Amino acid sequence: MKPLMLQGHERAITQIKYNREGDLIFSTAKDHKPSVWFSLNGERLGTYNGHQGAVWCVDVDWTTTRLITGSGDMSTKLWDVQTGQVLGTIRCSSAARTANFSYSGNQASYSTDKAMGSNSELFIIDVRNVDSSISDQNSVFKFTMNQQTKITSMLWGALDETVITGHENGSIRIWDLRAARELNSVTAHTNAINDMQLSKDGTMFVSASKDNTAKLFDSENLMCLKTYKTERPVNSAAISPINEHVVLGGGQEAMEVTTTSTKAGKFDSRFFHLVYEEEFARVKGHFGPINSLAFHPDGKSYATGGEDGFVRVQVFDPSYYEYVFE
């Protein structure tokens, strides 16, 4: 597999997302400028200028008309995808760590860090009538994490009725937005959860953790179904939309990278069988840990974003589809 190298960010990639059709890739990094790329040829379409700090998260709605980003400059911004204009800026009391549109695109959620005397908080906002006054509007739902630790990843549940949050202490919680309360929680990992991604039909999700494992959960009752074990922290994991495959990305901590070779650092994308939990393939590439990865919606390629500032798009060879797990 010869990858497409998307070179445009000056610092480490923090998150990458495909739009629903898969023709665009949105990437954020620690260099203040979220970017959008054509997934077919790797050409950069443009950047979204406005943040003053590292951008930690990005999401695009299902119509590819709006973008939401959360940044270390203590703001969450809504953008027009086509023009790159800022539709609204929401000021936060600390860095915005996660941001997601709901499935309908009518609502968005974002969470803030525990810092400067303020607890980690989860907000739900209505984004249908976005203008400059969005920063003044009251959120539809707000929950302060008093006993719970910082939110590090977040997903929307079924029918926009619930939100699933992953926390720094390894717990996963599900929140009922109508009753404004916590429905369920499980202590799934022994260390921080770095990433969570839904399966194509939304019935399952995979979590990636610093405790060297990724786990598959039922998204309704948070039952742990499978565990994928590695010997390095897992920063991101994604479920294939067409095969029973899970891809994991990670590697040792970035500050230790220069002391080891790329092979020793375990910076490969690692493929596991969804059901049998067995590793069957590795793809090399990044010099440094993989911070984020995502499958193309058609399942024929996937993209990885690394600490080295590159986004790599890997298109699968024909042999990938012929492979039969025995």
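Which residues lie nearest the centre of the second largest pocket? In this predicted model, the residues nearest the centre of that pocket are Ala158, Thr162, Ile174, Ser219 and Glu220, which belong to a lining of 13 residues. The volume of the second largest pocket is about 230 Å³. Two strands, strand 16 (171–176) and strand 17 (181–187), each contribute at least two residues to its lining. Sorted by class, the lining of the second largest pocket comprises six polar, four nonpolar and three charged residues.

Rolling a probe the size of a water molecule over the atoms shows where empty space is left. One cavity of 30 Å³ or more is found when the whole structure is searched. The largest cavity has a volume of about 70 Å³. Eleven residues line the largest cavity, and those nearest its centre are Thr230, Pro233, Gly249, Gly250 and Arg270. Strand 23 (residues 245–250) provides the largest share of this lining, with three residues. The lining of the largest cavity divides into four charged, four polar and three nonpolar residues.

Arg270, one of the residues nearest the centre of the largest cavity, also takes part in a network of salt bridges together with Glu231, Asp268, Glu279 and Arg282. Within this network, the side chains of Glu279 and Arg282 meet in a salt bridge with an N to O distance of 2.5 Å. Glu279 has a relative accessibility of 30% and therefore counts as partly exposed. Arg282 is likewise partly exposed, its relative accessible area being 40%.

The structure as a whole holds twelve salt bridges. One of them joins the side chains of Asp113 and Arg97, at 2.7 Å from N to O. This pair links distant parts of the chain, since Asp113 lies in the loop between strand 11 (107–112) and strand 12 (121–126), while Arg97 lies in strand 10 (residues 96–101), 16 residues apart. With a relative accessibility of 7%, Asp113 falls under the 20% limit and so counts as buried. A further salt bridge is formed between the side chains of Asp126 and Arg128, at 2.8 Å from N to O. Asp126 has a relative accessibility of 23% and hence counts as partly exposed.

Strand 3 pairs in the antiparallel sense with strand 2 (residues 13–18), over five bridges. In this arrangement, Ile25 of strand 3 is the bridge partner of Tyr18. Strands 2 and 3 form a hairpin with five residues between them, and Gly22 in the turn adopts a positive phi of about 85°. Strand 3 also pairs in the antiparallel sense with strand 4 (residues 35–38), over four bridges. Here Val36 of strand 4 is the bridge partner of Phe26. A hairpin with five residues between the strands is formed by strand 3 and strand 4, and His32 in its turn has a positive phi of about 80°.

Note on methods. Residues are numbered from 1 along each chain as its sequence is written. Side-chain values use heavy atoms; hydrogens and water are left out. Two strands pair if DSSP finds at least two bridges between them. A salt bridge is a side-chain nitrogen of Lys or Arg within 4 Å of a carboxyl oxygen of Asp or Glu. Buried means under 20% relative accessible area, exposed over 50%, partly exposed in between (1.4 Å probe, protein chains only). On a 1 Å grid over the protein atoms alone, a cavity is a set of points where a 1.4 Å probe fits but cannot get out, and a pocket is an open set with protein on both sides within 12 Å along at least five of seven lines; lining residues have an atom within 4 Å of a point. Grid points are joined across faces, edges and corners, and a volume is the space filled by probe spheres set on the points. Ala, Val, Leu, Ile, Met, Phe, Trp, Tyr, Cys and Pro count as nonpolar, Asp, Glu, Lys and Arg as charged, and the others, Gly among them, as polar.
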